[in-house]
Amino acid sequence: MSEHIPVQIIEVVEPSHKKTATTSGQNKKAASSDGHIYTRSFTGLYRNLRLGGAGFLFLLFFATAWLDWDGRQAVLWDLAESKFHIFGATFWPQDFILLSALLIICAFGLFAITVFAGRVWCGYTCPQSTWTWLFMWCEKVTEGDRNQRMKLAKAPWGPNKLARRAFKHSLWLAISVLTGLTFVGYFTPIRPLAEELFTLQAGGVSLFWILFFTGATYINAGWMREAVCMHMCPYARFQSVMFDKDTLAVAYDPRRGESRGPRKKEADHRAQGLGDCIDCHMCVQVCPTGIDIRDGLQMECIGCAACIDACDSIMDKMNYPRGLIGYKSEHTLQGGKTHWLRPRLLGYVTVLVAMIGALVIALHERPMVSMDVIKDRGLFRENAQGQIENIYILKVINKTQEAQEYQLRLLNAEGFELHGKTRFSIPAGEMAELPVSVAMLAERAASSSLELDFELVDSDQPDIRSVARSRFVAPLNR
């Protein structure tokens, strides 16, 4: 269809596609006179995808905290005990590197997705966007659609306005409290926490964090909304660095849409020198950040595709082909083809797959018993037999989900003897401290400081073992 558009129109509008800084405050169609963005309700494919994804994420977030696993909360980051329970696995601070690796994988996953399809993370799965859409739905339920809300905002205060606003803020606060409770419930057992909260017996620290996240949710999703995405989110600042000419982004096709203008449905708009855009501003009215996507790629665009759904609905009514606004690459907008396999994207995907594979191997090979050896502060002492003796504290962690029995011994330690409890058991997912002593059998030490290796072996599964090194201190002259 683009070949029917006069060349001079393409030359006029194509530079506008390269704009990068049109703000909602400058767009009079996006916001009302009070500066507030009132979004219009809409339906469409991408809205349904977003609702399905958001519903799954909400279910995952709110329901997982209440699941039990072997008599305890299924997912619990127990900071007090320094244990992190994730279903059937228990992780300790010694496993922190695995968490670091997971965060790095998430970062590279975000980079790969951004190179491929722009800010789809922001539009579909970012907590700020997801909770904002939920709060906007509450606004629609209590105050009506866009025009009704704008009318209500201008109306003087009265019983109707007060009741609607009170209902809206009550819903916002209820969602915020539930969000704060659930988030804190991943760090403190949620069942007793919820009981303490609703019986007004919650402790100071827990209550503080619940109120903190309640306030953060209420303010960010209810009041700040697009300001967080436009002014506070760092992702909006560096996303353009990751884009290339083949990145799919929500974009308006000026070759097809220009020149804009209203027309009758039955009219031959091409004969009138008009493009497919009827200049209805529906794309602006549904945008949560209040931008006009027809001005080109903008930092404020979160890639939610609301404008695509709105525009497609108008195209259907006008009997025009869909896709005037869609996920398009710069090459597509210039009449070329999108290159799906390209070095940058392949590089990110390759690194991502490699890191995921390494993490899976690390989790599989993760030692299920950990031992730290701490030497007593005293240098040495002489026991009842006249031998030089050193005291040690062994911290042993059973990372399995079953009670285990262990055997402790010295490795390659001829001339030394281990005293204390060398066979012991530890409950599932627990840590035990074990005092032991090592005596030197020789009358004179070859050195004032000697290395010792302690080995801990599972009595039933010899492949579960841990080795820790320490030092033995002795006088050279006796």
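Q: Where is the place of Asp-253?
A: Asp-253 sits in the loop between β6 (249–252) and α12 (254–257). Helices here are DSSP runs of H or I with at least four residues, strands are E runs of at least two, and both are numbered from the N terminus. This is a predicted model, where local features need pLDDT of at least 70 and side-chain atom pairs 80 or more, while totals for chains, interfaces and linings use all residues. Numbering runs from 1 along each chain as its sequence is written, and side-chain values use heavy atoms, without hydrogens or water.

Q: Why does Asp-253 count as buried?
A: Buried means under 20% relative accessible area (exposed is over 50%, partly exposed in between; 1.4 Å probe, protein chains only). Asp-253 has 10%, so it counts as buried.

Q: What does the side chain of Asp-253 reach at 3.2 Å?
A: The backbone nitrogen of Arg-255. A polar contact is an N or O pair within 3.5 Å, with one atom able to donate a hydrogen and the other to accept it; sequence-adjacent residues count only if both atoms are side-chain atoms.

Q: Which strands form the open sheet, and in what order?
A: Four strands, β13-β11-β15-β16, with antiparallel pairing. Strands pair if DSSP finds at least two bridges between them; β11 (residues 404–411) and β13 have four, so they qualify.

Q: What makes β13 and β16 edge strands?
A: β13 (423–426) and β16 (465–473) each have a single partner strand, so one side of each has no neighbour in the sheet.
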